[in-house]
Amino acid sequence: MDGNGRWAKQHRLPRVMGHRKGVEAVRSMVRALEPLGLDCVTLYAFSSENWKRPQDEISDLMGLMRRFIKSDLPEFLANDVRLRIIGDYKALEPDIVAMLEDALERTAKGTRTLAVALNYGSQQEIARAAARAAERGEVSVETISANLDTADLPPLDLLVRTSGELRLSNFLLWQAAYAEMWFTDVLWPDFTVGHLEEALASFAGRERRFGGR
Ligand code: IPE
Ligand code: MG
């Protein structure tokens, strides 16, 4: 999810308004899970490198996170959405950790997954997974995969990045090995279910060979 700041700038609004509008786009993605038949969507909400941002922006983002969980948890429960967190979320403020853990527990039986990457960095995740695999005596593709934060999520099929940037920025590097990519200039706050359907239509037309032929 990229482009909140530029969206705000375009609309001559403070940055936080871009983030706020971005939450609305998140909500429409969650609502699209069932109609689009998606088992899992993973959203990159806060990276381990986002701590480099000014403190007031970090507090705005954390505030939005608190409000989103509070306001949308009933809807997750009503719509059978399972919340998952990837990343080192336990390093967030204690009240957010408690809120997230409560939501994780209460939504655990949901059938469609909304995974949120929080304080997430893919290189750190891989290093943690490799260390755990080593502790258990075998480092291999399988044991690293099994120790990633995403171990219980379906394989990554399609990776979408908004706002015209053409990089992965430490997101799901391992999982993206054979993922299909979709890059769009649309800024995240403007990203709609229609745009997602466009990406899915492109995905559906691709031939995936996973290195075979
Ligand atoms: C993404 O938008 C917001 C998150 C970090 C969740 P940005 O804040 O990176 O927006 P730009 O890149 O400045 O437009
Ligand atoms: Mg950005």
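Predicted model: local features only at pLDDT ≥ 70, side-chain atom pairs only at ≥ 80, totals over all residues.
**Stop one: the ligand.** Select ligand 1 and show the residues around it: Met 1, Asp 2, Gly 3, Asn 4, Gly 5, Arg 6, Arg 15, His 19, Ala 45, Asn 50, Arg 53 and Glu 57. Colour them by type and you will find two nonpolar, five polar and five charged residues.

**Stop two: the polar contacts.** Pick Arg 6, where a polar side-chain atom sits 2.7 Å from an oxygen atom of ligand 1. Then move to the backbone: an N or O atom of Asn 4 lies 3.1 Å from a ligand 1 oxygen, and one of Gly 3 lies 3.4 Å from an oxygen of ligand 1. Taken alone, ligand 1 exposes 390 Å², and the protein buries 87% of that.

**Stop three: the rings.** The structure holds seven aromatic pairs. Select Tyr 44 and Phe 171, a stacked pair with 4.4 Å centre to centre and 15 degrees between the planes. Tyr 44 belongs to strand E1 (residues 40–47) and Phe 171 to the loop between strands E4 (158–161) and E5 (180–183), so their pairing ties together parts 127 residues apart in sequence. Both residues are buried.

**Last stop: an edge-to-face pair.** Select Phe 46 and Trp 51, edge-to-face at 4.9 Å centre to centre with 70 degrees between the planes. Phe 46 is buried at 2% relative accessible area, while Trp 51 is partly exposed at 37%.

Technical notes:
Residues numbered from 1 in each chain as written. Chains lettered and ligands numbered in written order. Heavy atoms only, no water. Near = heavy atom within 4 Å. Polar contact = N/O pair within 3.5 Å; in protein donor to acceptor, adjacent residues only side chain to side chain. Areas by Shrake-Rupley, 256 points an atom, 1.4 Å probe, with all protein chains shown as cover. Nonpolar A, V, L, I, M, F, W, Y, C, P; charged D, E, K, R; others polar. Phe/Tyr/Trp six-rings, centres within 6.5 Å; stacked < 30°, edge-to-face > 60°. Helix = DSSP H or I, 4+ residues; strand = E, 2+ residues; numbered from the N terminus. Buried < 20%, exposed > 50% of the residue type's maximum accessible area, 1.4 Å probe, protein only.
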